[in-house]
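Thanks for coming, everyone. Let me put the structure up, and then we'll walk through it piece by piece.

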Amino acid sequence: MNAALDRLLRVLRDRAAARALSLADWDPVLRLGRQARLLGLLGHRLASDEALWSALPPEVRGHFRSAINYSAFRSQAVRMELRALDPPVLPAEARVVLLKGAAYLAQGLEFARGRMPNDVDLLVARADLDAAEAALRAAGWGAEDVDAYDERYYREWSHELPPMRKPGHALELDLHHTIAPVTSRTRADDALLFAGIAPLAGTRFWVLHPCDQIVHAAIHLFQDTELDGRLRDLVDIDGLIRHHLRGEADWGELRERARRHRASRMLWYALHYCASWLGTPVPAAGWPEAPPEPARRAMDWIFPRTCLPRLPDAAPGLGHRLAGQVAQLRYHRLRMPAGLLMRHLAHKAWAAVPTRRSSAGVDA
Amino acid sequence: MTPAPGPIRQTSHSELEQALAEEGLFVDYGACVVRLRSRLKGFARSLREVYGAFPFRPAAPFADLHVRVDPGRGVRRWLRPNARFSIDGVEPFDPFPLASALPLYEWGVNWCFAQRFNQHVLLHAGALACADRAVIMAATPGSGKSTLSAAMMLRGFRLLSDEFGVLCTERGALLPMLKPVALKNQSIELIRAFSGEAVLGPVHAATRKGDVAHLAPDGASVAAVRRPARPALVIFPRWREGAALALEPQAQEQAFARLAFNSFNYRLLGPVAFDAVADLAAACPAYQLTYSRLDEAIDAIQRLLDEQPALAGAEGRT
């Protein structure tokens, strides 16, 4: 791990480490933090300690202040979006659960201050999905540019609908009906999921059980996102753990819920990287069963190379590119069974041949 | 301490090219430092012309923006060659023809600055200073604010920027963002004729904005790049062919609305920008200035500044 990345992680672990950084140290740390979309969050942590904040070089404060302002703007956009979703837009009887950024924001979680939300993720029970979608469409939300194949992919094999947008609204809306792709081996226990939700005071929204929030973030980390720049997901998990888990009983509950959502392996990896990079406190009794040694070694080779931000000054080395390819394969393998994966990849490969397809179109 | 670096105009071409190819050229614009690297042949030549007065810094501990201007990939290296702009390894826009590498760089840095510097209110305005008292000239594109800014610098004002009024929200001060002034179409010859001291870079024909040439900032403006100025006067300039000079005072609320409207990030900053722009509108008299002759306009602005009591005056570097 290079020095700049090490410094970024050190400041994420303990903001007081920022004092030791010279202006020259900050240069690559700011670039890495920006790439990981963590500047707003880190800025909030530094700015809330006045003595520490005023000891930072003014240039560095400027970049953090900018990120804090930008995240305030995005957070406001999320709040406006949530207000727009109040009844009568979404049927009052549907229990609408906020996921990830929107949930942290609505719960006012301190660790997520300065986080930059890029969309609004909502979860409804499968039984309410059609009604919720119809209600959103009637109120002006619609999916953009999704071809028939992608539409089918989302509806049959994914865990969310194609992203929806409403003209004049800043953010995209993702409507989920569960927290893991339905084709993956991680099959969230929807009954358990919905039995655990809690209403958010003063709103029409609900949030997941704290442990399910952690399990969801772990699933998201390994299955749901772009493959690069997922350090932020780890920072979320670290923040959720420190905020929600108080003692043995909480950790036991987390393990049990991860097991029932068939996400124990993912939770183990998430805890492993959180603990080693962010210093997340995990008691001995908190660990699920460890993956077999060869799998761990493989993961330890792939994950740091794809998850952590890197400076673009040098082209990625062979190791990084290879790790990226392997991670792609693994990502798809986890999401869907082999037969379906072959079909999916064959379709995507065919779709990537533009000239043949468009000339065929002209002939027809 | 190492001695202060000499200006770029006294640096040899090969030294400049080498710096661009290796650690980069560190350009201090005042509000931000850009580290520029390039493997583009000939780019150093155009840079030398418009950055002649800037210090040659081939190394620095810190840069706010890390950008590159590079030749096109693959066949585009030879066939209708083009230039690519990237920041942190990302290319935010399409390549330009090779001959327009300088406008691409200038435009790219403006774009990145407007995207990333939301710690300040970024007014879309020319800004000049006389004894550290700043005139803010806010206007929509095409109203001649760059031309007027260029002319004012050539008559002895300190140029802060022809594009960005960088309003520091904490101190209410205006920071320089001193870039070469992008002159378009007829303005190029107008400024050449206006002053024998105008140093203009090559004319780039038929870019997205028509012909463009860059006026090099003068030594005095470059030397003061780290010195903020105190806003003293707000002008909404309007060039009209053959028009007689006219000054119309603007009510505070009108000035507020026009400044807020001509801002890159007013909406994004919300209450922060509201307070800063309201303070600015309350502190500075504002006029709409209609003119056809540059010297008349500059005299009028100078008179308005002289009428103002020199309030806080110099802010000094903080």
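**Where the two chains meet**

Let's start at the interface. 15 residues of chain A are in contact with 15 residues of chain B. Which helices of chain A each supply at least two residues of the side that touches chain B? Helix 2, residues 23–35, and helix 5, residues 58–84. Helix 5 of chain A gives the largest share of that side, 8 residues. By type, the chain A side splits into 6 nonpolar, 5 polar and 4 charged residues.

For the complex, the predictor gives an ipTM of 0.93 and a pTM of 0.89.

Now the chains one by one. Chain A averages a pLDDT of 86, and 80% of its residues score at least 70. Look at residues 354–364 of chain A: the pLDDT there is below 50, and beyond near neighbours in sequence the stretch has 0 contacts in the model.

Chain B averages a pLDDT of 92, with 94% of the residues scoring at least 70. Residues 312–318 of chain B are the stretch to flag: pLDDT is below 50 there too, but this stretch has 14 contacts in the model beyond near neighbours in sequence. A word of caution on such stretches. Where pLDDT is low, the predicted coordinates should not be read in detail.

**Chain A: the overall picture**

Chain A has 17 helices and 7 strands. It runs to 364 residues, and 40% of them count as buried. Take the contacts in chain A between residues at least 6 apart in sequence: 67% of these join residues at least 24 apart.

First stop, helix 3 of chain A, residues 39–47. Is this helix mostly covered or mostly open? Mostly covered: 8 of its 9 residues are buried. The buried residues are Leu39(A), Gly40(A), Leu41(A), Leu42(A), Gly43(A), His44(A), Arg45(A) and Leu46(A). What do they pack against? Helix 1 (3–13), helix 2, helix 4 (50–55), helix 5 and helix 11 of chain A.

Next, helix 11 of chain A, residues 231–244, and its packing on helix 13, residues 264–278. Their axes are 10 Å apart, at an angle of about 90 degrees. Helix 11 and helix 13 of chain A are therefore roughly perpendicular to each other. On the helix 11 side we have Leu234(A), Val235(A), Ile237(A) and Asp238(A). They meet Ala270(A), Tyr273(A), Cys274(A), Trp277(A) and Leu278(A) of helix 13. The contact divides into 8 nonpolar residues, no polar and 1 charged.

Last stop in chain A: helix 14, residues 293–307. This helix has 15 residues and reaches 20 Å from first C-alpha to last, close to the 21 Å expected. Its buried residues are Ile302(A), Thr306(A) and Cys307(A).

**Over to chain B**

Helix 3 of chain B covers residues 101–116. Its 16 residues should span 22 Å at 1.5 Å a residue, and the end C-alpha atoms are 22 Å apart, so the two agree. The buried residues of this helix are Ala101(B), Leu102(B), Pro103(B), Leu104(B), Tyr105(B), Glu106(B), Gly108(B), Val109(B), Cys112(B) and Phe113(B).

Now zoom in on Leu16(B). Leu16(B) lies in helix 1 of chain B, residues 13–21. Why does Leu16(B) count as buried? Because 20 C-beta neighbours fall inside 10 Å, and 20 is the cut-off. Leaving aside residues up to four places away in sequence, Leu16(B) touches Ile8(B), Thr11(B), Ala44(B), Leu47(B) and Arg48(B). The C-alpha atoms of Leu16(B) and Arg57(B) are separated by 9.5 Å, with the two residues 41 apart along the chain.

**Two loop residues in chain B**

Two backbone angles to finish. Asp132(B) is not a glycine, but its phi is positive, near 65 degrees. Asp132(B) sits in the loop between strand 6 (120–130) and strand 7 (133–138) of chain B. Asp132(B) counts as buried because 20 other C-beta atoms lie within 10 Å.

Asn185(B) is no glycine either, and its phi is positive at about 45 degrees. Its place is the loop between strand 11 (181–184) and helix 5 (186–194) of chain B. Buried, exposed or partly exposed? Asn185(B) is partly exposed, with 13 other C-beta atoms within 10 Å.

Definitions and conventions: Residues numbered from 1 in each chain as written. Chains lettered and ligands numbered in written order. Predicted model: local features only at pLDDT ≥ 70, side-chain atom pairs only at ≥ 80, totals over all residues. Helix = DSSP H or I, 4+ residues; strand = E, 2+ residues; numbered from the N terminus. Expected span 1.5 Å × (residues − 1). Buried ≥ 20, exposed ≤ 12 C-beta atoms within 10 Å, placed from the backbone. Contact = placed C-beta atoms within 7 Å. Nonpolar A, V, L, I, M, F, W, Y, C, P; charged D, E, K, R; others polar. Axes fitted to C-alpha atoms, helices over the stretch in contact; angles between N-to-C directions. Parallel < 35°, antiparallel > 145°, perpendicular 65-115°, else oblique. pLDDT = per-residue confidence, 0-100.
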